[in-house]
Amino acid sequence: MYGGGKHVFVYHGSWATYRSEPGKFNVSDFDPKLCDHALYAFFGIDASGSVIILDRWLDLEEDGGRGNIRRFNELKRDNPSLKTLASIGGDKVPSSIFSQVAASSSLRSTFASNAKRLCQEHGFDGVDIDWEVPSSSDRCNFVQLLAALASELHGAGLILTVAVAASEFKAAESYDIAGIARYVDYINLMTYDYNGSWDSYTGHNAPLYVGPSDTTDFQQKLNIDHSVKYWLRQGAPAHKLILGVPAYGRTFRLSNAHSHGLRAASCQPGYAAPCSKEPGIITYYEACKNLQNGWTRAWDHTQKVPYAYCGDQWMSYDDSESIADKCKYAVNQNLGGVMMWTIDMDDFRGQSGRSYPLLKTINQCLGR
């Protein structure tokens, strides 16, 4: 145990209920004792400042709906110290909508009021804003949006958090970091997606440190250590920074099956795994299945992450060893805790051993 008193934030992607077995994840599969902040992703926002229920059948109970929102907030019965947050945004909400609302004083006020009402009507303890990603022209307005939200939410005893792109390249353009930190309770750093199938070579999804194959200035900044230290230098208090760790990996198709190291040439995303069904991405439980089926695992001693390959397929992923290293790092940097994206991509059924191996590793390392 390395650091008691740290927070564990966990996102739940509500769409995971539509995955095929054994990846189908319902709210009833969520173990609320493994975190102290649970975030329901996602809610939408429209140009009038209204908060939108994106999947009414799944989220509500009208017309025979599943009632996921009620079920999610009832998780607090099993863990009375659990805080639930409604995460608003994500990749389904156009950045232009956030931009339009943030640019108007009246719309900011309307949105803040609607966000508070959402919490009070459904039993959430706060709101998480996941604007992907503000442009340079949105920097000041984003802070003003958070100021309006903080006024409404904090006045009602509710929590305000924000999910942010972590790398210096995106953060320098998009965020007034000191301004953001002034109004939010916590900042969820999305310290992953540093490399992926959009590149023409293999790379780690979430490397902890810079590595010897990072030969350009751009590559040398694509790691967790650089991102965290950048946010700290720019005025984010360490206790408000929550280090994001992925329960998923990035996959690549090798241009040459015999060249399978880091920065090996890649021609396209890796195959679509059976549950996630998206080329270029793989859940942790699917990564475990690959390893059981003969993939070769390698460990990057410098960047503190594993990767694996088989034929012309290559994957970067995190396992309990790399997650433990990241948790130790969060403690050593005096950060506020660790966030997982997402609980439904961990091995929640324990297909490869114990259930929730990554999330339980986080809890163990943080002394919970």
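Mentor: With 368 residues, a compact globule would have a radius of gyration near 21 Å, and the chain's 20 Å agrees. That radius is taken over C-alpha atoms, and the globule rule is 2.2 Å times the number of residues to the power 0.38. This is a predicted model: local features need pLDDT of at least 70, side-chain atom pairs count only at pLDDT 80 or more, and totals for chains, interfaces and linings use all residues. Residues are numbered from 1 along each chain as its sequence is written, and side-chain values use heavy atoms, with hydrogens and water left out.

The chain holds 12 helices and 15 strands. These are DSSP runs numbered from the N terminus: helices are H or I with at least four residues, strands E with at least two. Of the 368 residues, 60% count as buried, meaning under 20% relative accessible area with a 1.4 Å probe, protein chains only.

Now strand β14, residues 313–316. In a regular strand the side chains alternate between the two faces of the sheet. Here Gln313 and Met315 point one way, Trp314 and Ser316 the other. All four are buried.

Two strands pair with β14; pairing requires that DSSP find at least two bridges. Strand β9 (residues 248–254) pairs with β14 in the antiparallel sense over 4 bridges. Thr251 stands opposite Met315 there. Strand β13 (residues 305–310) also pairs with β14 antiparallel, over 4 bridges. Gln313 is the bridge partner of Cys310. The β13–β14 hairpin has 2 residues between its strands, and Gly311 takes a positive phi near 60°.

Note on methods. Buried means under 20% relative accessible area, exposed over 50%, partly exposed in between (1.4 Å probe, protein chains only).
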